[in-house]
Amino acid sequence: MDGTSATPNDRVAHPTSQRPTSQLPSSSLSKVGVVALAALLVFAAYRFGVFERLGEPRELARSLVELGAGGYVAFALAYAFLQPVGIPGTLFVLAAALIWPWQSAFVLSLVGTMAASVVGFSFARFVARDWVAARIPARLHKYDEALVQRGFSTVVSIRLVFWMSQMVHAFLGVSRIGFWTHFWASLVAYIPTVFLISFFAGEAFDESGSLQSGAWRMFAALVVVSLVVARLARAYEQRALPSAPE
């Protein structure tokens, strides 16, 4: 045989056919990109004084209104990306309710609340799962089994009690609950709370965001509605379970 001919194995083993091993997986690059984008948004918010204005809900809302129609988008984006990193969602809901008509405030606040929850949940599940899981408080792990047995009603109850806690976003993200179960259950829990704050804000808070004497009506309504919603969610899930596939 001719000594210059190469076998198939020789061709496969040729150095030029080997793929580089130092390339980052596309999933890792996506995660780095998400973290970088979030960090950029937080820096931009700090640079333009958003954090300072959050201490004055009326001033924040007025600044957004001055942007015209763009204020709606700015509000939703700021809410979605700043709440998961530590800014209380109540400040955003209150700011909207103090300046926009309650109907507009309700819709904008609900959109922002859901967006922030999805961002926090998705970060914990798809970007930094191991890092987040190591920082979940032990008190939340008592809900692990309930999430497996009664996922929908448990998420509703957790959201009604802890509402938009950043740690709850993280806990649900690393739990075994499905994304859409989390999404719809969170929506059910958020609707009454956001509605009541938007509707009663005028008599419950003054322009600086301080509580007024009429605030007790809002808090009483929140307690009653929360109990009713939790009970209805549990009843709905109990009816749905028998028909669920085994």
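Contact here means heavy atoms within 4.5 Å. The structure is a predicted model, in which local features need pLDDT of at least 70 and side-chain atom pairs count only at pLDDT 80 or more, while totals for chains, interfaces and linings use all residues. Residues are numbered from 1 along each chain as its sequence is written, and side-chain values use heavy atoms, with hydrogens and water left out. The protein chain holds 13 helices and zero strands, where helices (H or I, at least four residues) and strands (E, at least two) are DSSP runs numbered from the N terminus.

**The chain as a whole**

- Of the 246 residues in the protein chain, 39% count as buried, a term that stands for under 20% relative accessible area, with exposed meaning over 50% and partly exposed lying in between (1.4 Å probe, protein chains only).
- The accessible surface of the protein chain amounts to about 14,400 Å², and 64% of that surface belongs to carbon and sulfur atoms; such areas come from the Shrake-Rupley method with a 1.4 Å probe, and for residues only the protein chains shown count as cover.
- Among the contacts in the protein chain with a separation of 6 or more, 74% are accounted for by residues 24 or more positions apart.

- Helix H5 (residues 70–82) consists of 13 residues and spans 18 Å from its first C-alpha to its last, close to the 18 Å expected at 1.5 Å a residue; the expected span is 1.5 Å times one less than the number of residues.
- The buried residues in H5 are Gly71, Phe75, Ala76, Tyr79, Ala80 and Leu82.
- An α-helix has 3.6 residues a turn, so residues three or four places apart point the same way.
- Leu77, also in helix H5, is partly exposed, with a relative accessible area of 48%.
- Together with Tyr72 and Val73, Leu77 forms a nonpolar patch on the surface with about 280 Å² of accessible area; patches are made of residues with over 30% relative accessible area and no salt bridge, like charges being joined within 9 Å and nonpolar side chains (Val, Leu, Ile, Met, Phe, Trp, Tyr) within 5 Å, and a salt bridge is a side-chain nitrogen of Lys or Arg within 4 Å of a carboxyl oxygen of Asp or Glu.
- In the loop between H5 and helix H6 (89–99) lies Pro84, which touches Tyr79, Ala116, Val119, Gly120 and Gln166 when residues up to four places away in sequence are not counted.
- The C-alpha atoms of Pro84 and Ala116 are 6.0 Å apart, although 32 residues separate the two along the chain.
- Ile87 belongs to the loop between H5 and H6 and is buried, with a relative accessible area of 12%; its C-alpha atom is separated by 9.9 Å from that of Ser165, 78 residues apart along the chain.

**Ser109 in helix H7**

- Ser109 sits in helix H7 (residues 102–127) and counts as buried, at 0% relative accessibility.
- A polar atom of the Ser109 side chain lies 2.8 Å from the backbone oxygen of Ala105.
- Leaving aside neighbours within four places in sequence, Ser109 is in contact with Phe75, Tyr79, Phe92, Val93, Ala96 and Val194.

- His182 lies in helix H12 (residues 179–204) and is buried, with a relative accessible area of 0%.
- The side chains of His182 and Arg159 are joined by a polar contact of 3.1 Å, that is, a pair of N or O atoms within 3.5 Å of which, within protein, one must be able to donate a hydrogen and the other to accept it, residues adjacent in sequence counting only if both atoms are side-chain atoms.
- Not counting residues up to four places away in sequence, His182 touches Ser117, Phe121, Val155, Arg159, Leu172 and Ile177.
- Thr181, likewise found in helix H12, is partly exposed, with a relative accessible area of 31%.

**Trp163 and helix H11**

- Trp163 lies in the loop between helix H10 (151–162) and helix H11 (166–174) and is buried, with a relative accessible area of 11%.
- Although not a glycine, Trp163 has a positive phi of about 50 degrees.
- Most residues other than glycine have a negative phi.
- H11 is mostly covered, with seven of its nine residues buried, namely Val168, His169, Ala170, Phe171, Leu172, Gly173 and Val174.
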